[in-house]
Amino acid sequence: MRAARLGGTADDHGNDVAVAASGQLWFVGDFAGTTTGLASLTAPSGPGQSSSDAFLLKLTNDNNSYMSQIVRSFGDEGNDTATSVVIDPGGNVIAGGSFELSVDFDNNPDTAFNLHSGGAQDAYVVNLRLSTDPEYRKTTGANDDFNLMY
């Protein structure tokens with residue numbers, strides 16, 4: 001049996017896991033504030049804020065637990081979550097979820113790869129090339145809440 005935790009003092013959620021052909025796990029969800037455990041994440045809006053950000057972790061098996069090989073968080077103002085993750089036949093990681101106001105998929109502070117909502121909460125899908133910038137993104141939504149789930 002293997003287990004590991006990710007969390008902090010605020011609400012944190014694991015929403016989906018995908019297994020790559022190599023056996024590595026991709027884990028997505030959302031967090032608020034700062035986390036410990038599998039990864040140290042801090043929401044760009046800062047600790048103590050009420051908004052959440054999405055996370056994506058690539059995990060490898062470490063005997064009795066898991067280790068994070070890749071750690072990414074995505075967000076901006078508002079609540080952002082990743083609800084689904086899949087690995088396509090070419091090994092590309094595709095994540096989907098929802099965001100409020102805007103979401104930034106590029107962790108580099110000098111560049112931005114943003115989506116802006118059409119209203120309340122919108123859906124997104126993004127194909128991540130984790131060594132460089134995200135490859136493509138798509139949003140849908142208007143003034144109503146909408147969550148994307150596979």
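**View 1. F27 in the predicted model is buried, with a relative accessible area of 19%.** Buried here stands for under 20% relative accessible area (exposed is over 50%, partly exposed in between; 1.4 Å probe, protein chains only). F55 is also buried, at 2%. This is a predicted model, in which local features need pLDDT of at least 70 and side-chain atom pairs count only at pLDDT 80 or more, while totals for chains, interfaces and linings use all residues. Residues are numbered from 1 along each chain as its sequence is written, and side-chain values use heavy atoms, with hydrogens and water left out.

**View 2. The structure holds 2 aromatic pairs.** Rings of Phe, Tyr and Trp (its six-membered ring) pair if their centres lie within 6.5 Å; planes under 30 degrees apart are stacked, over 60 edge-to-face and the rest tilted. The ring centres of F27 and F55 are 5.2 Å apart with planes at 65 degrees, so this pair is edge-to-face.

**View 3. F99 is buried, with a relative accessible area of 0%.** Y124 is buried too, at 3%. The rings of F99 and Y124 have centres 6.4 Å apart and planes at 50 degrees, so the pair is tilted.

**View 4. The lining of the largest cavity divides into 11 nonpolar residues, no polar and no charged.** Nonpolar covers Ala, Val, Leu, Ile, Met, Phe, Trp, Tyr, Cys and Pro; Asp, Glu, Lys and Arg are charged, and the others, Gly among them, polar. A cavity is a set of points on a 1 Å grid over the protein atoms alone where a 1.4 Å probe fits but cannot get out; lining residues have an atom within 4 Å of a point. Among the lining residues are F55 and Y124.

Definitions and conventions. 1 Å grid on protein atoms, 1.4 Å probe; cavity = no way out; pocket = protein on both sides within 12 Å on 5 of 7 lines; lining within 4 Å.
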